[in-house]
Amino acid sequence: MNSVQLKGTIYNEVKVQKTPNSEVTKFMLQVPNKVGKGYKLIPITKWESGELKKGQEVVITGELETGSYKKADGSKVFTWGVLADTIVISEELADMEVPF
């Protein structure tokens with residue numbers, strides 16, 4: 001099963017790109033490390049737009065996706081991120097039952 005649940009803060013300005021049939025939303029999620037200090041930045045993609053902005057605390061459910069591409073010099077670059085199914089803004093959490 002490929003399932004991801006994350007709670008964190010939107011780290012950067014949210015980018016919305018229009019495609020011929022839809023919109024895609026991309027941003028980095030800042031998630032605190034479980035042990036010690038610091039944070040991890042996790043790339044998030046959602047196939048629709050919404051009212052998201054930098055600094056909002058959100059809960060995301062989705063799946064891990066990986067990919068790769070070749071650079072102009074011929075070297076291969078591996079990518080990863082989370083493809084979000086749902087994104088809930090923390091203000092909305094008070095009215096919802098969150099499974100964790």
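User: Why is K18 called exposed?
Analyst: K18 has a relative accessibility of 69%. Exposed means over 50% relative accessible area, buried under 20%, and partly exposed in between, with a 1.4 Å probe and protein chains only, so K18 counts as exposed. This is a predicted model, in which local features need pLDDT of at least 70, side-chain atom pairs count only at pLDDT 80 or more, and totals for chains, interfaces and linings use all residues. Residues are numbered from 1 along each chain as its sequence is written, and side-chain values use heavy atoms, with hydrogens and water left out.

User: What makes the pair of E23 and K18 a salt bridge?
Analyst: The N to O distance between the two side chains is 2.7 Å. A salt bridge needs a side-chain nitrogen of Lys or Arg within 4 Å of a carboxyl oxygen of Asp or Glu, so the pair qualifies. E23 is partly exposed, at 22% relative accessibility.

User: How many salt bridges does this rule give?
Analyst: The count is 3. Among them is the pair of K46 and E48, at 3.6 Å from N to O. K46 is buried, with a relative accessible area of 12%, whereas E48 is partly exposed at 43%.

User: What does the salt bridge between E57 and K7 tie together?
Analyst: The side chains meet at 3.4 Å, N to O. E57 lies in strand β5 (residues 57-70) and K7 in strand β1 (residues 4-10), so the bridge joins parts that are 50 residues apart in sequence. Strands here are DSSP runs of E, at least two residues, and helices are runs of H or I, at least four, numbered from the N terminus. E57 is partly exposed at 34%, and so is K7 at 42%.

User: Why does T25 count as buried?
Analyst: T25 has 2% relative accessibility, and therefore counts as buried. T25 belongs to strand β3 (residues 23-32).

User: How do you know that the side chain of T25 has a polar contact with E48?
Analyst: A polar atom of the T25 side chain is 2.6 Å from the backbone oxygen of E48. A polar contact is a pair of N or O atoms within 3.5 Å; within protein, one must be able to donate a hydrogen and the other to accept it, and residues adjacent in sequence count only if both atoms are side-chain atoms. The T25 pair, at 2.6 Å, therefore meets the distance limit.
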